[in-house]
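Hi everyone, thanks for coming.

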Amino acid sequence: MRVKILDTTLRDGEQAPGFSMDLIEKIEVAKQLERLRVDIIEAGFAVVSPGDMAAVKAIASEIRGCGVASLARAVEKDIDAAWEGLRSASAPRIHVFIATSQIHMRYKLHMTEDEVLERTAAMVKYAKSYCDDIQFSAEDAARSDKNFLCRVMDAAIKSGATTINIPDTVGYTTPTEMYALVKYVRENVENADKVCISVHCHNDLGLATANSLGGIAAGATQVDCTVGGMGERAGNTSLEEVVMALHTRKAYYNAETNVDTAQIYRTCRLLQTVTGVPIPPNKAIVGQNAFSHESGIHQHGVMENPETYEIMTPASIGVPQNKMVLGKHSGRHAFVDRMRYLGIDLTKEQLDTAFEKFKDLADKKKVISDRDLEALLGTSVKSFGGRYILDSFVINSGNTIEATALVKLKMSDITLSAVSRGDGPIDAAFKAINSMLGDEFSLENFSLNSVTEGGDALGEALVRISRAGVEVVGRGLSTDVVEASIKAYINGVNKLVTA
């Protein structure tokens, strides 16, 4: 059985607090999802904002290797907006939803069962007038009356839905209940065998992946999921967990996906870079501890035969292996070869910039690891550029004096500079940047992480800054944590001034 993967990272995932992305970042993620070979990318909720509409349009125009979907409530204006965003897609899908549980119909929709039934039929038919591929979702299906749910699904299919989706919107159900619900829908909805049955599970009880697999065991042929399980509240079904469960236990589930599993690690790392939210070390499949063994018993077993403690190989998900040492004496050929091995595709211009950055780093570090390279490159080498570029900085600080920072920035051929005092060198530097640009950027959050080990470790600074209600993540890298922090702040400023 073939199971389709609908990735909703750019829609449902982005609704999680702190996970918002700008247009360039969304396109970068969409292109990586295309390389991952998901079946459908849910690019956004076109009607909710000009930003979402722009993202849906851009992704629909860029992506040709998979379908592109936009979410729409069961109202005409939402469906019109969805089609406006999707019209240039090679394989467009309009995703229409309406709630079917008693609590949602009564308190949110203020509609009766008959009204919901009538709206479902009318709006699926309306969406069908725009394109052939229509997904219908019964929001909060897991808490809905089963007989009413089947009546709604039947109406959706008769009106033209090609995929019917059974969401556990609030993460309430269990694997055995999801199995039973999918089975019930298959057996009690006319022509259910003629359409794709999908499940969309949330992780409020930590059961999203298990519930999705329960749905597949009952005959569901699509899973809605997100990279890393990002999403509202406790998140959504994790793409990598479902895909690798089916890949590793293929004989048990008798199901497979079209996903290129070797792109999983790269995709998760990209999302971490874009959002600034780190992957937990104990995260299944892609956490840094997933293929690490400290116990002597485990180490001995793995050295004799990796299958003693590893049910999948690191290479199967694209975890990089240290096969080559890169340093300041390495040439362009070795660098390019390493990029290919890591699955990073760069244009000639991007490669030129990346190689220059690599050489700068190699002058400061003796050995460059794969983690250094991934951190250095981030989403793309575009993140290194922008309107303002750091020229130089001088810090005067100590425990008996107030910190002072002199920061110089380049803007084309113009050099800007400012001096400011602050509570420490980083605060002084940030205030100097605000002063020279004559704008008030507010620092919302700041963190420093060591990308690699050792005294010459590459430091990664992440800042979340805002201006006029717009909030972005800035990122900087250097063996000097102050320089990394300044670069991160400038990266964020560049995003805000071009937003």
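A quick word on terms: helices (H or I, at least four residues) and strands (E, at least two) are DSSP runs, numbered from the N terminus. By that count, the chain has 17 helices and 14 strands. Keep in mind that this is a predicted model, where local features need pLDDT of at least 70, side-chain atom pairs count only at pLDDT 80 or more, and totals for chains, interfaces and linings use all residues. Residues are numbered from 1 along each chain as its sequence is written, and side-chain values use heavy atoms, with hydrogens and water left out.

So how much of the chain is buried, meaning under 20% relative accessible area with a 1.4 Å probe, protein chains only? That's 54% of the 499 residues.

Now the nonpolar cores: sets of buried Ala, Val, Leu, Ile, Met, Phe, Trp, Tyr and Cys residues joined through side-chain atoms within 4.5 Å. The largest has 94 residues, and Ile94, Phe136, Ile166 and Ile264 touch the most other members. Helix H6, residues 146–158, gives the most to this core, with 8 residues. There's also a second, separate core of 29 residues, including Ile426 and Leu496.

Strands pair if DSSP finds at least two bridges between them. Here 3 strands form an open, antiparallel sheet in the order S12-S13-S14. S12 (442–450) and S14 (470–478) are at the edges with a single partner strand each, so one side of each has no neighbour in the sheet. S12 and S13 (residues 459–467) pair over 8 bridges, and Leu448 has Ala461 in S13 as its bridge partner.

Definitions and conventions: Buried < 20%, exposed > 50% of the residue type's maximum accessible area, 1.4 Å probe, protein only.
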